[in-house]
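Take a look at the sequence and the model below. Keep both in view while you read.

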Amino acid sequence: MSDKLHLFTSPSAFPNPQRLRLFMHEKGIADRFEEQVYNMSPVGEQRQWKHVKMNPWGETPTLKMADGTYIAETDAIARYLDQSMPGRKIMGETAMEQGLDTMWGNRIWVHVLY
Ligand SMILES: N[C@@H](CCC(=O)N[C@@H](CS)C(=O)NCC(=O)O)C(=O)O
């Protein structure tokens, strides 16, 4: 079995899978995942039991860890990867940088993407 993390994603759906993808490229870790790409039809794999057991909202992105546990919600996945993987801390090193990152993230999420 591969020790790569397994990402359930859907490049056709905007914006959350793309938000995570941008983060992964910026962090330099985009090649560290096995990806399963859903086509996101109304009865697609994201709504099937196998996925809903990982993510009860039936959403992407969802990350499956090497130990078989799961994490969902784009910001939570990005924060986990930023802390656990080597490289520049994209979401801030200091408390102030982390606060500013959260501020701008929320502003863009609420005022631009919505
Ligand atoms: N709060 C979630 C929202 C995730 C979300 O809305 N994902 C959409 C794609 S952008 C999705 O998977 N929708 C399910 C569907 O279209 O069936 C996050 O931050 O990741």
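## The ligand and its shell

The model is predicted. Start with the ligand. Where does the ligand sit? It sits in the second largest pocket. There are 14 residues around the ligand. Gln46, Arg47, Thr60, Glu73 and Thr74 come nearest. By type, the shell around the ligand divides into six nonpolar, five polar and three charged residues.

| Side chain with the N or O atom | Ligand atom | Distance |
|---|---|---|
| Asn16 | oxygen | 3.4 Å |
| Gln46 | oxygen | 2.8 Å |
| Arg47 | oxygen | 2.7 Å |

How much of the ligand does the protein cover? On its own, the ligand has 520 Å² of accessible area. The protein covers 77% of that area.

## Two cis peptide bonds

Now turn to the backbone. The peptide bond from Phe14 to Pro15 is cis, and its omega is near 5°. Pro15 belongs to the loop between strand E1 (5-9) and helix H1 (16-27).

A cis bond also runs from Thr60 to Pro61, with omega near 0°. Pro61 is in the loop between helix H2 (49-52) and strand E3 (62-64).

Thr60 lies in the loop between H2 and E3. Is Thr60 buried or exposed? Its relative accessibility is 9%, so Thr60 counts as buried. The cut-off for buried is under 20%. The side chain of Thr60 also makes a polar contact of 2.6 Å with the side chain of Ser10.

## Positive phi angles

Which residue other than glycine has a phi near 60°? That residue is Met40, and the value is positive. Met40 is located in the loop between strand E2 (33-37) and H2. Met40 counts as partly exposed because its relative accessibility is 25%.

Glu73 has a positive phi too, of about 80°, and it is not a glycine. Find Glu73 in the loop between strand E4 (70-72) and helix H3 (74-84).

## Why does Glu35 count as partly exposed? Glu35 has a relative accessible area of 33%, so it is partly exposed. Along the chain, Glu35 and Gln18 are 17 residues apart. Their C-alpha atoms are separated by 13 Å.

Asp75 is part of helix H3. Its relative accessible area is 41%, so Asp75 is partly exposed. How far apart are the C-alpha atoms of Asp75 and Thr102? They are separated by 9.4 Å, and the two residues are 27 residues apart along the chain.

How values were computed. Residues are numbered from 1 along each chain as its sequence is written. This is a predicted model: local features need pLDDT of at least 70, side-chain atom pairs count only at pLDDT 80 or more; totals for chains, interfaces and linings use all residues. Side-chain values use heavy atoms; hydrogens and water are left out. A residue is near a molecule or strand if one of its heavy atoms lies within 4 Å of it. A polar contact is a pair of N or O atoms within 3.5 Å; within protein, one must be able to donate a hydrogen and the other to accept it, and residues adjacent in sequence count only if both atoms are side-chain atoms. Accessible areas come from the Shrake-Rupley method with a 1.4 Å probe; for residues, only the protein chains shown count as cover. On a 1 Å grid over the protein atoms alone, a cavity is a set of points where a 1.4 Å probe fits but cannot get out, and a pocket is an open set with protein on both sides within 12 Å along at least five of seven lines; lining residues have an atom within 4 Å of a point. A molecule sits in a cavity or pocket if more than half of its atoms lie within 2 Å of its grid points. Ala, Val, Leu, Ile, Met, Phe, Trp, Tyr, Cys and Pro count as nonpolar, Asp, Glu, Lys and Arg as charged, and the others, Gly among them, as polar. Helices (H or I, at least four residues) and strands (E, at least two) are DSSP runs, numbered from the N terminus. Buried means under 20% relative accessible area, exposed over 50%, partly exposed in between (1.4 Å probe, protein chains only).
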